[in-house]
Amino acid sequence: MNLIHSFLNLVSPPFTFISLFLLLPPYQALKSFLSLLGVLFTENVHGKVVLITGASSGIGEHLAYEYAKRGACLVLVARRQNLLEEVADIARYYGSPGVITIKADVSKFEDCRRVINETMNNFGRLDHLVNNAAITHLVLFEDIADIAAFKQVMDINYWGAVYMTHLAIPYLRYSRGKIVALSAPPAWLPSPRMSIYNSSKAAIKSMFETLRVELAPEIGVTIVTPGFVESELTQGKALNAFGKVELRQDMRDALIGIVPVETADECAKGVVRGVCRGYRYVTEPSWYKVLFYWKAFCPELIEWCYRIMSMPAPGGSESDALSKQALDYTGGKYMLYPSSIRSTELKGD
């Protein structure tokens, strides 16, 4: 057995490089052809039923509007009923022929079961499931005072998507529908102060890549990787060291710095367009794709940049982070951040 492994250690690298050299050109040509087919034969979602979790604000809210403009029926799910009703009214104005709102906590399996049951009772079908609900935190791992309170991050971000997907699969298979799972660049980028959030998004990516294999060809899976996009998360709404939600804009500034934040409207357009074209992955804004290659080929450089730019000196405050200083000195916040995330007022519960 050791001899076999020694042989594979010797021949695998050159075999891989030669294979990639020969296969990459035709493979990329095939991918380009399939992408063209997706553009030419975009799915028409008019009259189809789309379920969106975390639909009361941010990306989820604007995904609802984008699907509404395409004539889809909507099931909007979140914990804040009053905000859901406002989103539903706007979605109807944009052209959705049918909208229902369901107050639910996706971290609770029985709530997820109720959502699927109400969807089927109202519409009799389900075509797209959009797993968008998520919360984050902005605190260093060693500074967490109540680690048990951070279980809610995995419960909502990961288990909420798992519960909803497991319950929806029979109906999606019948309609040959699609699952949309929102991951994030921190699934493969070591963003500081977001360790558990990062882990939840990495779990989402791995889970739904596996499901893509298990559920094909009856159910399509699109994994969305939004970068810094206008939402309550980029506004600074996050868990503190005790697991309580508060507005943490200094830490938000240290994390984002002078990176431009895309509007939720533009992000939603790109996501729905990609889903309807059958894309396996959608990254918004698309320039974030280059970060994957930097991480793959220069991981030490990425880690060094995060330490230098996003972390203050030992004993320093968040305002000492170079990324925040650059943001403050240049006034970049007023050019790079949408006005909604510059506000210090959170949406009401």
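Student: How many bridges join strand E2 to E3?
Tutor: In this predicted model, strand E2 (residues 73–78) is joined to E3 by five bridges, and the two run parallel.

Student: Which residue of E3 stands opposite Val77?
Tutor: Ile102 in E3 stands opposite Val77.

Student: What is the order of strands in the open sheet?
Tutor: The sheet has seven strands in the order E3-E2-E1-E4-E5-E6-E9, with parallel pairing. Strand E3 (99–103) and E9 each have a single partner strand, so they stand at the edges with one side left without a neighbour in the sheet. On average, neighbouring strands are turned by 15 degrees against each other, direction ignored.

Student: And which strands does helix H5 lie across?
Tutor: Helix H5 (residues 151–175) lies across strand E1 (49–53), strand E4 (128–131) and strand E5 (178–182), and runs at about 175 degrees to E4.

Student: What about H9; which strands does H9 lie across?
Tutor: H9 lies across E4, E5, strand E6 (220–226) and E9, running at about 165 degrees to E9.

Student: Changing topic: at what angle do helices H10 and H11 cross?
Tutor: The axes of helix H10 (residues 289–297) and helix H11 (residues 299–310) cross at roughly 110 degrees and come within 5 Å. That makes H10 roughly perpendicular to H11.

Student: Which residues make the contact?
Tutor: Trp294, Lys295, Ala296 and Phe297 of H10 make the contact with Pro299, Leu301 and Ile302 of H11. Six of these residues are nonpolar, none is polar and one is charged.

Student: How much space lies in the second largest pocket?
Tutor: The second largest pocket holds about 1,200 Å³ of space. Among the residues closest to its centre are Lys31 and Arg280.

Student: Which element gives the most to its lining?
Tutor: H1 gives the most, with eight residues.

Methods. Residues are numbered from 1 along each chain as its sequence is written. This is a predicted model: local features need pLDDT of at least 70, side-chain atom pairs count only at pLDDT 80 or more; totals for chains, interfaces and linings use all residues. Side-chain values use heavy atoms; hydrogens and water are left out. Axes are lines fitted to C-alpha atoms, for helices over the stretch in contact, and angles run from 0 to 180 degrees between N-to-C directions. Helices (H or I, at least four residues) and strands (E, at least two) are DSSP runs, numbered from the N terminus. Angles under 35 degrees count as roughly parallel, over 145 as roughly antiparallel, 65 to 115 as roughly perpendicular and the rest as oblique. Contact means heavy atoms within 4.5 Å. Ala, Val, Leu, Ile, Met, Phe, Trp, Tyr, Cys and Pro count as nonpolar, Asp, Glu, Lys and Arg as charged, and the others, Gly among them, as polar. On a 1 Å grid over the protein atoms alone, a cavity is a set of points where a 1.4 Å probe fits but cannot get out, and a pocket is an open set with protein on both sides within 12 Å along at least five of seven lines; lining residues have an atom within 4 Å of a point. Grid points are joined across faces, edges and corners, and a volume is the space filled by probe spheres set on the points. Two strands pair if DSSP finds at least two bridges between them.
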